[in-house]
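Please read the briefing below alongside the sequence and the three-dimensional model.

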Amino acid sequence: MTGRPVLTISGLHVDYGTGSGAVHALRDIDLTLHRGEVLGLAGESGSGKSTLAYAVTRLLSPPGVITGGDVHYHPHDGEPVDLLGLTAEQLRAFRWQELSIVFQGAMNSLNPVHTVHSQLTDVLRAHRPRMKGAERTARAEELLSLVGISRDRLVAYPHQLSGGMRQRVMIAMALALEPEVVIMDEPTTALDVVMQRQILRQLVRLREELGFSVVFITHDISLLIEFSDRIAIMYGGRIVEEAGAAEIYRDPRHPYSEGLLHSFPALHGPRRELTGIPGSPPHLTAMPAGCAFHPRCGKAFAPCSGEVPVLAGRAGDTTRSVACWLHHPA
Ligand code: SF4
């Protein structure tokens, strides 16, 4: 399923604020998205998932500051593009065209006084100025069909569509210029479970048809197990486990991943008790020493409150990695 890398993130650090008052929101993030892959990013609120999406797309606003690391986009042909080095103008051309984003609450961000037609064709007008009006309308119709909405809804205003339809329009907009990478930050959270799954099934089908790659961010790991190829779990601004979706489901290695899996009902297989995770995620201003999860971890032992465990694979195992002293004895 997975091909060559299309997006690589190495050693990414993000702070909120500067100087002695700065808090570390992301620490040493290494992540690779491969061509045609759905990479799921899971974790509780405040784990850094959305900060990562904003940093990668250069949409982080002050006091957020990228303090280190690299993000590269790898086109089909040609040299890798250093996303953190692009000028504002280069970024404008890059976004939507190569990489598009659907953010949390995006379905409410459609302009209420413009029709779907006007909003879809606006993206095309801005990025494909040579396209004629009739071509733009034909493309807008095609995009609506792609996401399973009848073409006659093109004349509708957002309030005339259901929440699920509005979200599909946002996905259509994100796909308008056929980007290679689509980043989706909790795009279906406001929808009911049935609608969430319908939209995700459609997204996976579109990915197969059009060949783009997806970073899908959610706190609901059960969705990721079902729809992603690989999953990275975040806690306290770091990635604490990364593995294939099936591996995480069958054999989570990090106690936090295990806790997340036991916080949502299983979709298949025998019923299991929902135990959740005791306590709350750490605040960025008061990050525990050592493994940030240790105050909540039922398996914590002496080394856990000392050094931060590094994210690494077991000897000879290149497919998955975990940051936990249980797996990397000190
Ligand atoms: Fe638990 Fe220690 Fe592993 Fe952290 S390093 S997850 S505290 S066992």
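This is a predicted model: local features need pLDDT of at least 70, side-chain atom pairs count only at pLDDT 80 or more; totals for chains, interfaces and linings use all residues.

Residues are numbered from 1 along each chain as its sequence is written, and side-chain values use heavy atoms, with hydrogens and water left out.

**Domains**

- The protein is divided into domain 1 (5-98 + 179-322) and domain 2 (105-178), with bounds that come from an automatic or database domain assignment.
- The centres of domain 1 and domain 2, taken over C-alpha atoms, are separated by 28 Å, and their contact (heavy atoms within 4.5 Å) takes 23 residues from domain 1 and 17 residues from domain 2.

**Nonpolar cores**

- A nonpolar core is here a set of buried Ala, Val, Leu, Ile, Met, Phe, Trp, Tyr and Cys residues joined through side-chain atoms within 4.5 Å, where buried means under 20% relative accessible area, exposed over 50% and partly exposed in between, with a 1.4 Å probe and protein chains only.
- The largest nonpolar core has 58 residues, and those with the most contacts inside it are Leu120, Met184, Leu203, Phe216, Ile221, Ile233 and Tyr256.
- Helix α5 (residues 163-174) gives the most to this core, with 6 residues; helices (H or I, at least four residues) and strands (E, at least two) are DSSP runs, numbered from the N terminus.
- Because domain 1 and domain 2 both give residues to this core, it lies between them.
- Apart from this core lies another, of 33 residues, among them Val56, Leu86, Phe94 and Ile217.
- Tyr256 touches Gly43, Glu44, Ile233, Met234, Tyr235, Val240, Ile277 and Phe293, not counting residues up to four places away in sequence.

**Pockets**

- On a 1 Å grid over the protein atoms alone, a cavity is a set of points where a 1.4 Å probe fits but cannot get out, and a pocket is an open set with protein on both sides within 12 Å along at least five of seven lines; lining residues have an atom within 4 Å of a point.
- Grid points are joined across faces, edges and corners, and a volume is the space filled by probe spheres set on the points.
- The largest pocket has a volume of about 270 Å³, and of the 18 residues that line it, the closest to its centre are Gly236, Arg238, Met287, Pro288 and Ala292.
- The elements that give two or more residues to the lining of the largest pocket are β2 (23-34) and β10 (238-244).
- The second largest pocket has a volume of about 210 Å³, and its lining includes Arg27, Asp28, Asp30, Arg238, Ile239 and Glu242.
- By class, the lining of the second largest pocket has 6 nonpolar, 1 polar and 5 charged residues, where Ala, Val, Leu, Ile, Met, Phe, Trp, Tyr, Cys and Pro count as nonpolar, Asp, Glu, Lys and Arg as charged, and the others, Gly among them, as polar.

**Cavities**

- A search of the whole structure finds 5 cavities of 30 Å³ or more.
- The largest cavity has a volume of about 100 Å³, and of the 13 residues that line it, the closest to its centre are Leu7, Ile9, Leu31, Val56 and Val215.
- The lining of the largest cavity has 12 nonpolar, 1 polar and no charged residues.
- The second largest cavity has a volume of about 80 Å³, and of its 13 lining residues, the closest to its centre are Cys291, Cys297, Cys304, Cys324 and Trp325.
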